[in-house]
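I opened this entry to look up charged side-chain pairs. My notes follow the structure.

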Amino acid sequence: MKNMARVVYAGMLCTLLGGCLGSGGGALSDPTAGVPTSPNETGSGNEPGGTGGVGNPPDIDPPPTPPGAPVFSYRAAASRVAIDPTPAQLNGVPDPASPVGHIQKFNLGGYGGFGFNGPETLFHFNIGGPPAEGIGDGTFLRLFLLESNTQPVTRLVFVTMDAIGAGNVIQNQMKASISAAIDVPPENILFAQTHSHSSADLQGLWGGVPDSWLNCSKPDSATACDPALQPGLYQLAAKAAKDAAARLEPVNVEFAQSALEGDERLNNFRRCDPSDTQVPDPFMTVLIAKNAQNKVVGGVLNYGAHPTVLGSSNRRVHTDWVGGALRTLDKELGGSFLFYNGAMADASPRAPDGADQYERARQLGVKMAQTAMRLLSTQKKDLTGGMAVNHATAYLPVNNPLFVGAGVLRSFNRYYNFTPLGEVAAANVPQYNQLPQAAVYAVTTVSRIRLGQGEGQSLEVVTIPGEASRGFSDVLRARSTTPMMLLGLTHNSFGYILTETEFGNGVLACQDAYEETVSLGPLTTPALNLQAYQPLFAGN
């Protein structure tokens, strides 16, 4: 029972902490400093040119369209960079601030359980299992840059990476790097994590990662920073953004969406379901951009399913099933694709049989890609008429005692800052990151983007700052008659987000409060609706 309690406690905290208060660490003076022209792996699919701007880039005009030439509503480019840790980072880096000689290893987020290891536990509390022991199928940061091809220019950056989640310190540094690199507003950067439970712990709960994996621009053997071998995550993100901005080209954008039901379904319902009749959010959406030669520049795959085919026995840095899906789309369609998890609170992966867990994950990924390609071949629609981008800010109370306790135990430090005025304190108070945190409230951006115009030729893109339930996704989709792509874990990750009627149902029906205890609390949904979704959809 003790081991079970440890696992349950780990699971309860697993998704709770994807980002909160909008504060962070120090500013990055030059996010691309020390980035080689060819990092471990970088690429897209196609080439050509352009550069960047803010929401309305001040000094970049789309080139004039010659008479009689096709009219394109957008410009786009995509890029990707490998983000696997180096051997030195896997081996571990001494923490000079630790009073107990802590070695900072590269830890995987998502699985584990608490075990007391004396002073090490007291000063460096976490619920993770053993650290990563090697590299799996290759993890990436992937970026898709999309902007309107008319004045005033509106620019969006879709960016995802293989990680369990990312604290708000990480979120803010990542957005700052990209914003500085191509001069785009941070709120227009739709940063999310795939939620693979076999990738980097950027939340700190499972032990975290070496600082040099995050920020590495100048060689330093003491911290295992070697930018010639592998720049830091922030530098790589800036490089990917610059690479994409330099290759912007006119494109048409298409999408396909369908509810996968019956044997087509690729997810299973994982929450309390006494009647065994419920299904998770069934919608798969795929978005692609094609250039004047009808070649795919890049795109986005969106579906709700936990990347948990690989179990806790895996200690390789791995994408789970996500890598198999994206590699297949890149190879078969060209360009570079991103994956955004959808409404996944109650969605587990429906993996086929295979020789081992790695083959099952790969096969599920291939099946995801094949389904997306089938939708594109049978149901795709053009998105013409540009884009409309709107954001709202929501303040969410933190009343989960586990969340508050993790702050006191300093598990958030280096990854989150939940304390009011924490950003100011972090910049001015020595050793601030060694102090306990008071988790009071969380702040998040919520975005509503409309691509295209007119019935049958437009798509809503709506962000969710956490893992939403099927019920929550149904409520969001009901706000508009236009097809909607829901980007989960985007801008922030606040654990499970349940509707008011769902909250507490697990206790009554199944004597299971898992989802409720891995959430900010019962006020999350009312606060999000009142401050974000209701204003964003006012007047529809």
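**Ground rules.** I am working with a predicted model, where local features need pLDDT of at least 70, side-chain atom pairs count only at pLDDT 80 or more, and totals for chains, interfaces and linings use all residues. I number residues from 1 along each chain as its sequence is written, and side-chain values use heavy atoms, with hydrogens and water left out.

**Overall make-up.** I looked up the secondary structure and found 14 helices and 24 strands. These are DSSP runs numbered from the N terminus: helices are H or I with at least four residues, strands are E with at least two. I then checked burial. Of the 540 residues, 59% are buried. Buried means under 20% relative accessible area, exposed means over 50%, and partly exposed lies in between (1.4 Å probe, protein chains only). The protein exposes about 19900 Å², and carbon and sulfur atoms supply 54% of that area. The areas come from the Shrake-Rupley method with a 1.4 Å probe; for residues, only the protein chains shown count as cover. For contacts (heavy atoms within 4.5 Å), I took those with a separation of 6 or more: 79% join residues 24 or more positions apart.

**Salt bridges.** How many salt bridges does a search of the whole structure find? I get 15. The criterion is a side-chain nitrogen of Lys or Arg within 4 Å of a carboxyl oxygen of Asp or Glu. Side chains of opposite charge can pair when their charged atoms come close.

**Glu147 and Arg75.** I find a salt bridge between these side chains, at 2.8 Å from N to O. Glu147 sits in strand 6 (residues 140–148) and Arg75 in strand 2 (residues 74–82), so the pair ties together parts 72 residues apart in sequence. Is Glu147 buried or exposed? Glu147 is buried, at 1% relative accessible area. Arg75 is buried as well, at 5%. I also note a network of salt bridges that links Arg75, Glu147 and Arg155.

**Arg414 and Asp211.** The closest N and O atoms of this salt bridge are 2.5 Å apart. Arg414 is in the loop between helix 9 (401–408) and helix 10 (422–428), while Asp211 is in helix 5 (residues 211–214), 203 residues apart. Arg414 is partly exposed at 27%. Asp211 is partly exposed at 48%.

**Lys290 and Glu254.** I find this salt bridge with its closest N and O atoms 3.6 Å apart. Lys290 lies in strand 13 (residues 283–290) and Glu254 in strand 11 (residues 249–259), 36 residues apart. Both Lys290 and Glu254 are buried.
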